[in-house]
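Student: I'd like to go through this model with you, strand by strand and then through the charged pairs. Could you keep the terms defined as we go?

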Amino acid sequence: LLPPDEGRAGITLTLVSFSDIISTVEFNYSGELLATGDKGGRVVIFQHEQESKNRPHLRGEYNVYSTFQSHEPEFDYLKSLEIEEKINKIRWLPQQNAAHFLLSTNDKTIKLWKISERDKRAEGYNLKDEDGRLRDPFRITSLRVPVLMPMDLMVEASPRRIFANAHTYHINSISVNSDHETYLSADDLRINLWHLEITDRSFNIVDIKPANMEELTEVITAAECHPHQCNVFVYSSSKGTIRLCDMRAAALCDRHSKFFEEPEDPSSRSFFSEIISSISDVKFSHSGRYMMTRDYLSVKVWDLNMENRPVETYQVHEYLRSKLCSLYENDCIFDKFECCWNGSDSAIMTGSYNNFFRMFDRNTRRDITLEASRESSKPRATLKPRKVSTGGKRKKDEISVDSLDFNKKILHTAWHPKDNVIAVAATNNLYIFQDKIN
């Protein structure tokens, strides 16, 4: 039961099952599959259906391909701590054969899943009857060769590796390395490097835990491997800084190679400055030349060769700056918005409140606000740009900043690696939009 929005006339209550709230969205490398994880520990995979010859003007849709329970709730008896089943992140591995592999993680345990298809079954065993019962050895008088018979397609998800007991704090990021053999996992104070074949040990490559926890001033908020250089990774902090590390320099990367930070403007400093400067997501561009960071009010694009300031800054919802006090009171100021690049690195997308999401074109510097809603999800419906009015006279198609619903938030978005297809998670609904078909 979501809390009522007290800023509106009347009280509206929305019943949403907590376990159905989507907590991560991720396309695979080809874009053929789209995975979502939810707070109930489930992973749902959607497959892109091929265009039909009868209706070539309609592009293929995404339909449910496989659903499985990835994590279960646990209890740590030594620490009297409940471990949620919520899926924090999903990361696909590049496809090497007919099967697909993905990593999923909750707060403590990472699992490697194999998703494979079966459309044939073996029949004609020597030691078993067709119903599976063992045959009497004395009745076996001839040797049969089993044959493969067609059957209805079955998609199986099986756990191949379980990487556990390596994080004291909650895991906030996993990232597959470009060598496709290793991946990193990050919690609030440490980053570990794993080999995909080895589950019983990992290498601690970053440790920012102070000797005295009372001296703790910042935590790790996100981490990602470079898309082409397997020795380079970045991690962001709650202080609004990004550190780029090179694993060739030292086994323990507590000393960064590059340090990205934008100096704060003293005139705009307020009580909330530290909170809103915390970086909630960091993503390398596909080219590896740039990286993007999301803080509470803006998205910044950094050139890896320039550490002192970002090359581009995009305001996501600057109109909320006057609302920070009430956002602090209802805890929304701590929401962790993610961001993503399109396939050619020419546009970026991130979420906002009221089921709005923002897209920025890096070439033209144009931006647009769109809404994920039931009305806009009808087939062939066109998304209309939305505008928020901050005061004064409100135009007909604008929505007042005071009527925004802060319970409806888009934290997780994903962009198809090749096409203009986007996936947007709005609480317990997944919306998939594509560009116009001529």
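Student: To start, how many bridges join strand β7 to β8, and in which sense do they run?

Tutor: 4 bridges join β7 (residues 89–92) to β8, and the two run antiparallel. Strands here are DSSP runs of E with at least two residues, and helices are runs of H or I with at least four residues, both numbered from the N terminus; two strands pair if DSSP finds at least two bridges between them. Before we go on, please keep in mind that this is a predicted model, in which local features need pLDDT of at least 70 and side-chain atom pairs count only at pLDDT 80 or more, while totals for chains, interfaces and linings use all residues. Residues are numbered from 1 along each chain as its sequence is written, and side-chain values use heavy atoms, with hydrogens and water left out.

Student: And what joins β8 to β9?

Tutor: β8 and β9 (residues 110–123) run antiparallel and are joined by 6 bridges, forming a hairpin with 4 residues between the two strands. L103 of β8 stands opposite R91, and in β9 the bridge partner of L103 is L112.

Student: How many of the residues of β8 are buried?

Tutor: In β8 (residues 100–105), 5 of the 6 residues are buried, so the strand is described as mostly covered, where buried means under 20% relative accessible area, exposed over 50% and partly exposed in between, with a 1.4 Å probe and protein chains only.

Student: What about β24, which residues are buried on each side?

Tutor: Both faces of β24 (residues 347–351) are covered, with A347, M349 and G351 buried on one side and I348 and T350 buried on the other. β24 runs antiparallel to β23, to which 3 bridges join it, and W341 stands opposite I348. With β25 (residues 356–361), β24 pairs in the antiparallel sense over 5 bridges, and T350 stands opposite R358 there.

Student: Which residues take a positive phi in those hairpins?

Tutor: In the hairpin of β23 and β24, which has 5 residues between the strands, D345 takes a positive phi near 65 degrees. The hairpin of β24 and β25 has 4 residues between its strands, and N354 in the turn has a positive phi of about 65 degrees.

Student: Changing topic, what is the strand order in the open sheet of 4 strands?

Tutor: The order is β19-β20-β21-β22, with antiparallel pairing. β19 (281–284) and β22 (312–315) are the edge strands, each pairing on one side only, and the twist averages 15 degrees from one strand to the next, with axes taken as lines fitted to C-alpha atoms (for helices over the stretch in contact) and angles running from 0 to 180 degrees between N-to-C directions. β21 (residues 298–303) and β22 pair over 4 bridges, and the bridge partner of K300 in β22 is T313.

Student: Which side chain meets that of K300 in a salt bridge?

Tutor: The side chain of E262 does, at 2.9 Å from N to O; a salt bridge is a side-chain nitrogen of Lys or Arg within 4 Å of a carboxyl oxygen of Asp or Glu. E262 lies in the loop between β18 and α1 and K300 in β21, so the pair ties together parts that are 38 residues apart in sequence. K300 is buried, with a relative accessible area of 16%, whereas E262, at 33%, counts as partly exposed.

Student: How many salt bridges does a search of the whole structure find?

Tutor: The search finds 22. One of the pairs is E218 and R243, whose side chains meet at 3.2 Å, N to O. E218 lies in the loop between β14 (203–207) and β15 (220–225) and R243 in β17 (residues 242–246), so this pair ties together parts that are 25 residues apart in sequence. Both E218 and R243 are buried.

Student: And where is T427, and is that residue buried or exposed?

Tutor: T427 is found in the loop between β30 (421–426) and β31 (429–434), and T427 is buried, with a relative accessible area of 17%. Not counting residues up to four places away in sequence, T427 touches V16, D20, I21, I22, N407 and K409, contact meaning heavy atoms within 4.5 Å. D20 is linked with D38 and R42 in a network of salt bridges, and the C-alpha atoms of T427 and D38, 389 residues apart along the chain, are separated by 9.6 Å.
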